[in-house]
Amino acid sequence: MEQKIPTMAEMAAEGKEPEILFWVGCAGSFDERAQKITRDICKILHHVGISYAVLGTEESCTGDPAKRAGNEFLFQMQAMVNIEVLNGYNIKKIVTGCPHCFNTIRNEYPGLGGTYEVIHHTQLIQSLIDEGKLKAEGGESFKGRKITFHDPCYLGRGNNVYEAPRAALEILDTELVEMKRCKSNGLCCGAGGAQMFKEPEPGKKDINDERMLDVLETGAQIVASGCPFCMTMLTDGVKHMEKEQEIKVLDIAEITVRANGL
Amino acid sequence: MVGQVIFIIILLGAVYLFGKNVAKVRRNILLGRDTDRSDRPAERWAIMAKVALGQTKMVKRPVAAVMHFFIYVGFVIINLEVLEIMIDGIFGSHRIFSKLLGSLYGLLIGGFEILALLVLVSCVVFLARRNILKLKRFSGIEMTVWPKSDANYILTIEILLMTAFLTMNAADYKLQLLHFGHYVQAGSFPVSEFISPLLPSGANALANIERGCWWFHIIGILAFLNYLPYSKHFHILLAFPNVYYSNLKPKGEFTDMASVTNEVKAMLNPSFVPEATEVSRFGVKDVTDLSWKNLMEAYTCTECGRCTSVCPANITGKLLSPRKIMMDTRDRLVEVGNNIDKHGKDHTDDKTLLDNYITREELWACTTCNACVEACPVNINPLEIITEMRRYMVMEESQAPASLNNMFGNMENNGAPWKYSQADRLNWAEKE
């Protein structure tokens, strides 16, 4: 990357405290597609001049997939170790690149001693737009293209965040079309509840293929989302339908970066 | 006089029997673990007013919502008429409110008649949706003979009750016109005046019809009351407390397990001395491991299938059906309760909710997406039961699918669900 990614360790060594911690998450750290989104979130943070840092090698899984799979021991082990790190750095505010990390740290860490103001990156983007710090200019034009938004379960139903990601799309000169199953009625991509890490149970079809029917119905050329797991599932779904030429799956952060030419 | 005595005996008998069965349901619900839902009372009253009384979650399906609203309003308001019937029955009076209310009485009876007609039409449409149109929502592996019959019984009983009510009014109206006996001019009959031409013209025959329908209607209502504790229709009562005790936290937040926290703290810090807590199993194997709220939800479920119809696993042909989770929980709880009645408190059969009722394949198919929780018009949470049973399988039995065990292993060793080293966690910053 062009810019240097500041880590908490470095900042602390210099006696500095960033305004916000960017919690990257496991997918954002290791999954190639999600890594790109991670870099895009950093580009946005850098562009607007927010002082931020990442934990880097001190970050560890929030424990979300363990908890959803029923392994509360492992979840709490992960949580307590993470909380110790976060509290050690006196973290107050966290932005995550993943709705699962967002939900877990926001809702499930306070009971274990970790209370922070936690936002999802689409909420950060929304507030930057509201403050006039982010626009959609100087980059790629989305004019005339149809975009639909797939609500990640742990952002939407899980935490009632429906408008933030849409706000980031509404400033584009484009047509935002909703799928038949959207917002609180949104259909899961199939990855939640630790399904990402196992084969689905026997059935008629895969859930992401079912979701593709909704996408195709809208006639959208871009499916936007805000979750690395949805990203994988939707991208696979588009591949199964052999629609890779017609339909692109993009994260809200990627769209924002493209629209601003960052 | 004889009529009054018979009426009072039937009334007392019905109330006693109902009270006894409700007490049994209450006892069964309280077999569950304790959970505190006494916080934030103002918010709880508000959500009850909105979701239970105002039925705001029904509107997502407008056709069913409108007709359900007719039946609901009809049920609640026609109860005023039942109050009059009770008083008449006990004191041997006839249309006692007519003297008290004067011209308002006509308005009331007229209103009841219109509601009764709307209830009747709605019930006929609901029967048609279930039995002729065969809506997909009303089928599924859990919709066996009894659940289907239960629904049809409820609708048929309501149709019969409304028919009796309207026929009674039609006969009364005709008798009023004949100035027969005590049938004083009272009420207005916008619906039953159209039924009255179908009735015989003889005063005695009319009086018999009027009395017959009166008795059928009130005995029917009391019998229906006693049917409730055995039926999915119990939701008309439990919906209110069930919504009052709703989970007020974000849906994405899963319950914490204090028992685990103690052990984890002790593991991370050997000098930590945990508070003495009740030793119980981790997660849920049988209904008595569930919380009383989970059990109340099982009795509240009216098997409408909104949960199952939005479940991504069910939609794509997996075995999981959130409605089945609730129905199995209730069936098992009733079984456990009956065992206690028959064999005493400490009796155990060799059955459990897990495996005997709910299979592991169902539980592992869940994506924890909360669609079922969102869809439930009375805020039932099938997901919590699923998660609790996963906790039992994983923490008590170490029986997770192999790929999930791999994921656990990776997380334990490298702090990520995949096999990547924690030392490589910042490599993304070097690329591009």
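Modeller: Start with B:Gln55, which sits in the loop between helix H2 (41-53) and H3 of chain B. Keep in mind that this is a predicted model.

Biologist: Is B:Gln55 buried or exposed?

Modeller: The cut-off for buried is under 20% relative accessible area. B:Gln55 has 9%, so it is buried.

Biologist: Which residue of chain A has a positive phi without being a glycine?

Modeller: A:Ala194 is one, with a phi of about 70 degrees. Find it in the loop between strand S6 (175-176) and helix H9 (207-218) of chain A. A:Ala194 has a relative accessible area of 4%, so it counts as buried.

Biologist: Now chain B as a whole. How many helices and strands are there in chain B?

Modeller: Chain B has 18 helices and 0 strands. Its C-alpha atoms fill a box of roughly 95 × 55 × 40 Å along the principal axes. Chain B has 432 residues, and 51% of them count as buried.

Biologist: How do I read two packed helices? At what angle do helix H6 and helix H7 of chain B pack?

Modeller: Look at the axis distance, then the angle. Helix H6 (residues 145-177) and helix H7 (residues 203-227) of chain B have axes 8 Å apart. The angle between them is about 150 degrees. H6(B) is therefore roughly antiparallel to H7(B), because angles over 145 degrees count that way. The crossing of H6(B) and H7(B) is left-handed.

Biologist: What about chain A? At what angle do helix H3 and helix H7 of chain A cross?

Modeller: The axes of helix H3 (residues 32-48) and helix H7 (residues 121-130) of chain A come within 12 Å. They cross at roughly 30 degrees. That makes H3(A) roughly parallel to H7(A), because the cut-off for this class is under 35 degrees. H3(A) and H7(A) also make a left-handed crossing.

Biologist: Next, salt bridges. How many are there over all chains?

Modeller: The test is a side-chain nitrogen of Lys or Arg within 4 Å of a carboxyl oxygen of Asp or Glu. By this rule the count over all chains is 45.

Biologist: Which residue does A:Lys4 pair with?

Modeller: A:Lys4 forms a salt bridge with A:Glu10, with the closest N and O atoms 3.3 Å apart. A:Lys4 has 60% relative accessibility, so it counts as exposed. A:Glu10 has 33%, so it is partly exposed.

Biologist: Which salt bridge partner does A:Lys36 have?

Modeller: That partner is A:Glu254, at 3.1 Å from N to O. This pair links distant parts of the chain. A:Lys36 is in helix H3 of chain A, and A:Glu254 is in helix H11 (residues 252-260), 218 residues apart. Compare the two ends. A:Lys36 is partly exposed, with 30% relative accessible area. A:Glu254 counts as buried, at 2%.

Biologist: How many residues apart are A:Asp64 and A:Arg68?

Modeller: They are 4 residues apart in helix H4 (residues 64-68) of chain A, so about one helical turn separates them.

Biologist: Which residues do salt bridges with shared partners join into one network?

Modeller: A:Lys180, A:Arg181, A:Lys205, A:Glu210, A:Arg211 and A:Asp214.

Biologist: Last stop, the surface. Which residues form a nonpolar patch there?

Modeller: B:Phe75, B:Val76, B:Ile77 and B:Leu80 form one, with about 320 Å² of accessible area together. B:Phe75 lies in helix H3 (residues 62-91) of chain B. B:Phe75 has 37% relative accessibility, so it counts as partly exposed.

Definitions and conventions:
Residues numbered from 1 in each chain as written. Chains lettered and ligands numbered in written order. Predicted model: local features only at pLDDT ≥ 70, side-chain atom pairs only at ≥ 80, totals over all residues. Heavy atoms only, no water. Patch = residues over 30% accessible without salt bridge, like charges linked within 9 Å, V, L, I, M, F, W, Y side chains within 5 Å. Areas by Shrake-Rupley, 256 points an atom, 1.4 Å probe, with all protein chains shown as cover. Buried < 20%, exposed > 50% of the residue type's maximum accessible area, 1.4 Å probe, protein only. Axes fitted to C-alpha atoms, helices over the stretch in contact; angles between N-to-C directions. Parallel < 35°, antiparallel > 145°, perpendicular 65-115°, else oblique. Left-handed = near helix turned anticlockwise from the far one by under 90°.
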